[in-house]
Amino acid sequence: MGIFQMTKTVLRNLSGGPATRRYPAVAARKGPITRGHVVFNPATCRSCGICSRRCPSGAINLDKEANFWEIDRMRCIACGECVEGCQFDSLTMEQEYFPPVVDRVVERYHITYVKPEKPAKKPKEEGAGENA
Amino acid sequence: MPERIIVPFGPQHPVLPEPIHIDLVLEDEKVVEAIPSIGYIHRGLEQLVQKREYPEFVYVAERICGICSFIHSLCYCQGIEKIMEIEVPDRARYLRTIWSEYSRLHSHLLWLGLFADSMGFENLFMRSWRLREKVLDVLEDTTGGRVIQGTCKVGGVRRDIGQEKLDEIHRGLESFEEECRDLGHVFLNDTTVKNRLRGLGVLSKAEAYDLGAVGPTARASGVEMDHRETGYAAYGDLGFKPVIETAGDCYARCAVRLREVHASIDLVRRAIEEMPEGPIDVKVRGTPEGEYFSRAEQPRGEVVYYLRGDGTKNLSRARIRTPTLTNIPSLVKMLPGVQLADVPVVVLSIDPCISCTER
C-alpha cells in the first residue's frame, strides 16, 4: 500500500520530542574530541615558534622580541596542528566552539614563561681539556 | 507554434543550496532548451597550491566542498603518496575507508533530504536530515569535526579510532540500517513520490556514457562505473560491487543513492570487522617530484586530482576535476521535455555541488 508509508513517522512524531535543540539557549552537542577552539597557556610557552610555523592558515603570530603570542580567531580553522606540534603543552584544544562575534578577534598574550636559572657549573678540574 | 520565452533559473533559487544559473527556454510550460552558466563562487583554490606547503594543502583540499570533504583530502593525499612512493599502513587505509563511507552516508542522506524538499515533501526532508545527524555525531566523535574531518594527512591518518568506539559504531549500525530502510521505503514506494519521479529527466545509457556522466547519475542509467572497484584505500580488500539501476530517470537516481546507503553501511561494517592492528601513519620525508593523476569516488561521482611537484615544498600545479562539472552536460540533456515545475527536481537529481565545480 503506497499511501500509508509515512504513518509510522507521523505516530512517532506525535509521541516523541523534537529532534533539534534550542541553540544557543541549550549548548551545542560536543564530543570528547570535538575541535572547538585553541587555548594558550602563556606560563609554559618557550617561544619555539613551532605553532606559528605549522599553522596552515597563518593564524598564529609569535613575536619573540616583545614576548607576545597572538591568535587570529577568524583565521584559525581549529585543525589542531599547533596543539599536536607543541612540545611544552602550552596549547590545548577545548571542546566548546568559539562563540559567535561581530568583530575580528585577535587575542594577544604576553608570554610569562621565565627560564629557570641554570645550576652553577662545577669548577673545572685541573688539566681537563688541555689536550683536546 | 507557441511563443518561446526564457525563464532564468538561479543563481538564487529556493531549492538550490548553491548558485548555478540555468536559462530555460520554454514553450508554454515545457522546457525546450537549457543553457547553464557557472562561475558564481570561484575561489581560486587550485592556485593556492603554490602558496601552501604540500602537507598543508590537505586542509585546503578538504575545504573545496563541505560535503565530500574527507574524500577530497583522501584523493589529494593518495596522489602525493604515489608521487613520493609512500606505503600507507593497513590500519590507516581501513580508517580512511570508514570515514569515506561515513562521508558518503552523510552526503546521500543530505541529498535525499534536499531532493524531498525539491518535491515539496518537507516531512521527508526533515526525516532524512534527522537520520543524517546520527552520521555526523559518529564523525564528530571519531574525528573531532562534523563536516570538516581534518584527519587525513600525507602518509596516513592523524587520528585512530579505539576498539571500544569501533564496537559502539558497529552496534549502532543495525538500528541505523533499519531506519534507513524505513526511509527508503517512503522514497521508493510512496505513490506521490513515485508518480512525481518515474519517467522524469530520462538519460539513456549511451547518452550517459557519451556525455561523461559519473557517479550515481551514470549508474542510474546502467553505466557500470564506480571508482571504488579499482580498490584504492581498503576497497580492494573488502570487495565491492557497484549499485546499478537501468531506468535512467529521477526515480532510478534516487534508488541508486538509497541502495548505496546500504552498501556503505555494509562496507563500514566489514571494515570494522576486518580492521587490522598496527600504526596509523608513516613518517614523511622529502618533497614530491613528479606528477600523478589521483582518482577517488565521491558521493557524487569520480573526482580527479592532477598533481605536479617539482621537488620544492610547494607543488607547481594542481588541477581538480570534480563530478558535478562532468554531470552538467547530462543535466542539460535531461531538461528538454520536462515541465517547468519539475525542473528543480531534475536539477537536484544530479546532486549538484557548485563549490566543488568552481573550486
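1. Confidence. Keep in mind that this is a predicted model. For chain B the pLDDT averages 88, and 100% of the residues score at least 70. For the complex as a whole, the predictor gives an ipTM of 0.74 and a pTM of 0.86.

2. Overall build. Chain B contains 13 helices and eight strands. Its radius of gyration is 20 Å, against 21 Å from the globule rule for 359 residues, so chain B is as compact as a globular protein of that length.

3. Inside the fold. How much of chain B counts as buried? The figure is 51% of its 359 residues. Take the contacts in chain B between residues at least 6 apart in sequence: 70% of them join residues at least 24 apart.

4. α2 against α3. Have a look at α2(B), residues 69-83, and α3(B), residues 90-119: their axes come within 8 Å and cross at roughly 140°. On the α2(B) side the contact uses Ser69(B), Phe70(B), Ile71(B) and Leu74(B), while α3(B) brings in Arg96(B), Trp99(B), Ser100(B) and Ser103(B). Sorted by class, that makes four nonpolar, three polar and one charged residues. As background for reading such a list, residues three or four places apart in an α-helix point the same way, because there are 3.6 residues a turn.

5. A covered helix. α11(B) runs over residues 323-334, and its twelve residues reach 17 Å from first C-alpha to last, close to the 16 Å expected. Is this helix mostly covered or mostly open? Mostly covered: nine of the twelve residues are buried. The buried ones include the run from Pro323(B) through Thr324(B), Leu325(B), Thr326(B) and Asn327(B) to Ile328(B). Further along α11(B), Ser330(B), Leu331(B) and Met334(B) are buried too.

6. Where the chains meet. The contact between the chains takes 18 residues from chain B and 14 residues from chain A. Which elements of chain B give two or more residues to the side that touches chain A? They are α4 (122-143), α5 (163-189) and α6 (191-197). The largest share comes from α4(B), with five residues. By class, this side of chain B has two nonpolar, seven polar and nine charged residues.

Note on methods: Residues numbered from 1 in each chain as written. Chains lettered and ligands numbered in written order. Predicted model: local features only at pLDDT ≥ 70, side-chain atom pairs only at ≥ 80, totals over all residues. Helix = DSSP H or I, 4+ residues; strand = E, 2+ residues; numbered from the N terminus. Expected span 1.5 Å × (residues − 1). Buried ≥ 20, exposed ≤ 12 C-beta atoms within 10 Å, placed from the backbone. Axes fitted to C-alpha atoms, helices over the stretch in contact; angles between N-to-C directions. Contact = placed C-beta atoms within 7 Å. Nonpolar A, V, L, I, M, F, W, Y, C, P; charged D, E, K, R; others polar. Rg over C-alpha atoms; globule rule 2.2 N^0.38 Å. pLDDT = per-residue confidence, 0-100.
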